[in-house]
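Trainee: Could you take me on a close look at the pockets of this model? I would like to hear about the lining in particular.

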Amino acid sequence: TILGQDVAGEVVSLGPDVTRFKAGDRVLGMTTGFTTGKDEEKGFQEYTILNIDATSEIPDNVAFENAVVLPLALATAASGLFNKDILNLNLPTEPAEKSNGKTLLVWGGASSVGSNAIQLAIAAGYEIIATASPKNFQYVKNLGPAQVFDYNSPSVVSELVEVFKDKTTAGVFDAIGGAAWGPALEFAQKSGSKTVATVLSGFTDPPEGLEIKKVYAPSILSDGIAKAVFEDFLPKALKSGNYVAAPEPIVAGKRLESIQIGV
């Protein structure tokens, strides 16, 4: 069994129809072997095969160990935000779109997926309200949301409903799942949101009039979202510094023998 979905490294070879990259290019990518069933398209090995639509150039000032935190979390966030069957938000641009007057709640903004959901939605022109634990408030604020609330507070839902009462809601992105389903759905019901995107399955049926839908990273490969994010947006946004590779990596060691330590 070969695992691994996040990779960053240098291009060593190209398929016959690939014109976007050249050997030696520094790239990050989300492997697709768990969808295709092909071990040669998984990440934890010396060489892997990437789909160009899930691959992005890395600027020289971004180290591989920072870049590699992005691919799967980025794709997971993108699938919930931009999939027409989930939140169906506008796609991100670089430079960022002007404000469209809509506000998105990101529950769990300090997580890997939450960090990307915040940045992608801001680049698409949305205002962000986020939740996190107080120890991560400053980290999340640095990603650009308008406000951050403590998701452990017993009054957090009522506080969020009050903030959203004069806003046009774009929905809820739950980047945690499990314990977050209840308050996320309660907020949606009280704020007029119709859809909650969540990263985990296993939720019960939502209250009438609401939808809760699980995100699925590889879905973006079939609807043009992957190209829009990995090719049209991310390389320029990383180069300009308007998009940051977050969170910081925890480095377990070097080379393949350190993978088990990391796991």
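Mentor: Happy to! The largest pocket holds about 1,900 Å³ of space. This is a predicted model, where local features need pLDDT of at least 70 and side-chain atom pairs count only at pLDDT 80 or more, while totals for chains, interfaces and linings use all residues. Residues are numbered from 1 along each chain as its sequence is written, and side-chain values use heavy atoms, without hydrogens and water.

A pocket here is an open set of points, on a 1 Å grid over the protein atoms alone, where a 1.4 Å probe fits, with protein on both sides within 12 Å along at least five of seven lines; lining residues have an atom within 4 Å of a point. The volume is the space filled by probe spheres set on the points, which are joined across faces, edges and corners.

The largest pocket is lined by 46 residues, and Asp6, Val7, Ala8, Gly43 and Val68 lie closest to its centre. Two or more lining residues come from each of β1, β2 (26–30), α2 (64–67), α3 (71–82) and α9 (259–262); these helices (H or I, at least four residues) and strands (E, at least two) are DSSP runs, numbered from the N terminus. β1 gives the largest share, five residues. By class, the lining has 26 nonpolar, 13 polar and seven charged residues, with Ala, Val, Leu, Ile, Met, Phe, Trp, Tyr, Cys and Pro counted as nonpolar, Asp, Glu, Lys and Arg as charged, and the others, Gly among them, as polar.

The second largest pocket has a volume of about 170 Å³. Gln119, Ile122, Leu143, Asn242 and Tyr243 are the closest to its centre among 15 lining residues.
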